[in-house]
Amino acid sequence: MKLWEKGAYLVNGKLTDAGSNPADGAKKTMAYSILQKHNTSGDAAKLKIKFDKITSHDITYVGIIQTARASGLEKFPLPYVLTNCHNSLCAVGGTINEDDHMFGLTCAQKYGGIYVPPHQAVIHQFAREMLAECGAMILGSDSHTRYGALGTMAIGEGGGELAKQLLNKTYDVAYPGVVAIYLTGAPVPGVGPQDVALAIIKAVFDNGYVKNKVMEFVGPGVASLSADFRIGVDVMTTETTCLSSIWRTDEKVEEWYAIHGRPKAYKELNPEDGAYYDGAIEIDLSEIRPMIAMPFHPSCAYTIDEVNANLLDVLAETEKRAKVSFGDKVNFSLKNKVIDGKLYVDQGVIAGCAGGGFENICAAADILKGKDTGNGKFLLNVYPASMPVYQELMKNGAFSSLVSAGAIIKTAFCGPCFGAGDTPANGAFSIRHSTRNFPNREGSKIQNGQLSSVALMDARSIAATAANKGFLTAATEYDTEFSGKKYFFDKAIYDKRVYDSKGVAHPEVEIQFGPNIKDWPEQKALGDDLLVKVVSEIHDPVTTTDELIPSGETSSFRSNPLGLAEFTLSRKDPAYVGRAKAVRDMDPSIAAEIKTVVDALAKKDAELGKKAAAAQTGSTIFACKPGDGSAREQAASCQRVLGASANIANEYATKRYRSNLINWGMLPFLYKEGDKNLPFANDDYVFIPGVKKMIAEKLPSITAYAVKKDGTVNSFELSVGDLTDDERKIILAGCLINFYRE
């Protein structure tokens, strides 16, 4: 794999550094054509995108619709699909989840949407099967909203961005860089899409090579991949922190649309000759080997052969990463999984938008045909991504091979991907063809003394490991004859169960609420001056959204802003909620602290003290690089309803997390001097005089004052980076709801 150090042209189907004009060449990419087709601003550099369709699942759609309702929603102005694949287990949380589902169904009826009942399909599979179109754009409230392999440019964002589309507003973003992913060769038997994806993520995550850019897949190697294989690579591009993706299309994609009964959705997409890219990655698919991403990130990837050859060294590296995530709270080790020099795993899972595709499961069945997973601790669970896929796997015998080998077949559900299904036993090690393996994402709770971990692998090597009774094995070690079964899609399954309004609203329908569904609390507009207490200080290189607001057991509370907020940072800093609420509620101890802070500022400058005494108060956290991972807006909104006014960071891991902060009226402050020798610490106060003026008048930075516990006052600079005019207005108004209500 080669990463170009500079831009590249695509000329006569080959990459070259020789070209005439980058500005003209940049207009020849597929990304440019699609983005400008959907841009309403008239300015090619400052995009205001209107999407063709939007989609959400049952962890996010209640909050989105509640936001839009509070802002004046009367009808869904574009196709909006509400899927139910995250809170599918209605036993969890009593009636809470099914109340959310009934809210979704009645809103689809009232406002003119599409409702997909639980267990019918995971969000992204339904979108692939029923929504994607070549040249279209889809916005989803799930970070893995990626349909580029089918010619659809898709973006995953927080709920606020979907609420904007429901209110006929736009998705505003500067025109992104575009990076060519140039594929050659063909994968060897036993190598699957997750192997290719993990190799890419390993190469680009740490260096930010594609951060907030569009990955454009080109080159002769694309033709060697089936549509399903491309989809499996594409969905994982989210883990590179790119903005979106798009692939050239061909007869294999055309066939895919024909199989799904939508031949008119296909058109050939290719970059024009001479297209210019801001960077390029060359990948020889024939050189990719089965991969494993060890805990605790998809970028912690090795070949399986490398792990088996250097097992103790790799496990030692994993333990070092655990120290970063958990500190001295737990003693994490996988060395007890080494048996006779081999790594033993306790559980295998093939599931969701990444692993649950037809070809992945068929390949796993081919490997396991006639074999036996054993009757020990090892367990293999398989979740097809939709009921049409499920039905075809029943018909073609793949399920029979899997069940005969000892696998358990389950329905379409995203739970294993975020900790609501198949949580391993304490100390267990799970291998999964799913999207993420962040700390605790499999559902363990270190605060309760329970910790397990996940590695990511392709379905093929998971099946090979299952055939080897749980000992880590690459699929290439088996001389498997892959059947290459053909897929037949039955749309009647959806016709019978999915509610499709065909865009017709029925305003007479009453929305069905449940006791857990609450309105968003009122938020105040930004004051002239701001005094915040630092209530959490995180020095991990990257902080995931799962660490900001845990997934899994919290999901049932996502329709209840105050109830969910009780879990904020619970796995990372359990004292955070109490500290934040004390500031929000102005506890007597906080009032006394603020008086001391005001006195300290007054000693430095009387005018500063006067402003601080009248300043708006709130809380903030510091994190080096927060927001990697999920698009869930609750990572920001939970802080907001607990009284937070800002985040302070060295940088933000993703655009979507920063956008979530902004949409909830929180200042996305940047402190560019790193995290060593910070001018403030946990429990200190930061005073930002003139903050409203800074935002309103587009000042590049502002002088802030850190007040230490001993009364020392240190000045330092904060900035907020680039903000669109509307983003500034949202922050000034206090949140998106206030802005649109006004």
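1. Start with helix α6, residues 159–166. Eight of its eight residues are buried, so α6 is largely enclosed by the rest of the structure. The buried residues are G159, G160, E161, L162, A163, K164, Q165 and L166. After α6 comes N168, with a positive phi near 65°. Note that this is a predicted model.

2. Neighbours within four places in sequence aside, L166 is in contact with I54, I64, A68, L73, K75, F76, P77, L78 and Y80. L166 also belongs to the largest nonpolar core, which has 103 residues. Y80, L166, L183 and Y257 touch the most other members of that core. Helix α7 (residues 193–204) gives the most to this core, with seven residues.

3. How many of the residues of α13 are buried? In α13 (residues 358–368), 10 of the 11 residues are buried, and the helix is mostly covered. Just after α13, G370 takes a positive phi of about 80°.

4. Now the sheet. Seven strands form an open sheet with mixed pairing, in the order β31-β30-β28-β26-β32-β33-β34. β31 and β34 (713–718) stand at the edges with a single partner strand each, so one side of each has no neighbour in the sheet. From one strand to the next, the twist averages 30°.

5. Take the strand pairs in turn. β30 and β31 are parallel, joined by four bridges, and A646 stands opposite L667 in β31. β28 and β30 are also parallel, with five bridges; here F622 stands opposite I648 in β30. β26 and β32 (residues 685–688) run antiparallel, with four bridges, and L531 faces F687 in β32.

6. Helix α21 (residues 576–584) lies across β26, β28 (616–623) and β30 (644–649). The direction of α21 is about 175° to that of β26.

7. The aromatic residues come next. The structure holds 24 aromatic pairs. One of them joins W520 and W664: the rings are 4.4 Å apart, centre to centre, with 55° between the planes, and the pair is tilted. W520 lies in the loop between β25 (499–500) and β26 (530–538), and W664 lies in the loop between α25 (655–663) and β31 (667–670), so the pair ties together parts that are 144 residues apart in sequence. W520 is buried, at 14% relative accessible area. W664 is buried as well, at 3% relative accessibility.

8. What kind of pair do Y671 and F680 form? Their ring centres are 6.4 Å apart and their planes stand at 65°, so the pair is edge-to-face. The cut-off for that label is over 60 degrees. Y671 and F680 are both buried. They also belong to one aromatic cluster, made up of F622, Y671, F680 and F716. F622 has a place in the strand pairing too, opposite I648 in β30.

9. Two lysines meet rings. The charged end of K202 sits over the ring of Y302, 5.4 Å from the ring centre. K625 lies over the face of F205, at 5.9 Å from the ring centre.

10. Last, E607. This residue lies in helix α23 (residues 606–614). Is E607 buried or partly exposed? E607 is partly exposed, with a relative accessible area of 44%. E607 and N12 are 595 residues apart in sequence. In space, their C-alpha atoms are 67 Å apart.

Key. Residues are numbered from 1 along each chain as its sequence is written. This is a predicted model: local features need pLDDT of at least 70, side-chain atom pairs count only at pLDDT 80 or more; totals for chains, interfaces and linings use all residues. Side-chain values use heavy atoms; hydrogens and water are left out. Rings of Phe, Tyr and Trp (its six-membered ring) pair if their centres lie within 6.5 Å; planes under 30 degrees apart count as stacked, over 60 as edge-to-face and the rest as tilted. Helices (H or I, at least four residues) and strands (E, at least two) are DSSP runs, numbered from the N terminus. Buried means under 20% relative accessible area, exposed over 50%, partly exposed in between (1.4 Å probe, protein chains only). A charge sits over a ring if NZ of Lys or CZ of Arg is within 6 Å of the ring centre and within 35 degrees of the ring normal. Two strands pair if DSSP finds at least two bridges between them. Axes are lines fitted to C-alpha atoms, for helices over the stretch in contact, and angles run from 0 to 180 degrees between N-to-C directions. Contact means heavy atoms within 4.5 Å. A nonpolar core is a set of buried Ala, Val, Leu, Ile, Met, Phe, Trp, Tyr and Cys residues joined through side-chain atoms within 4.5 Å.
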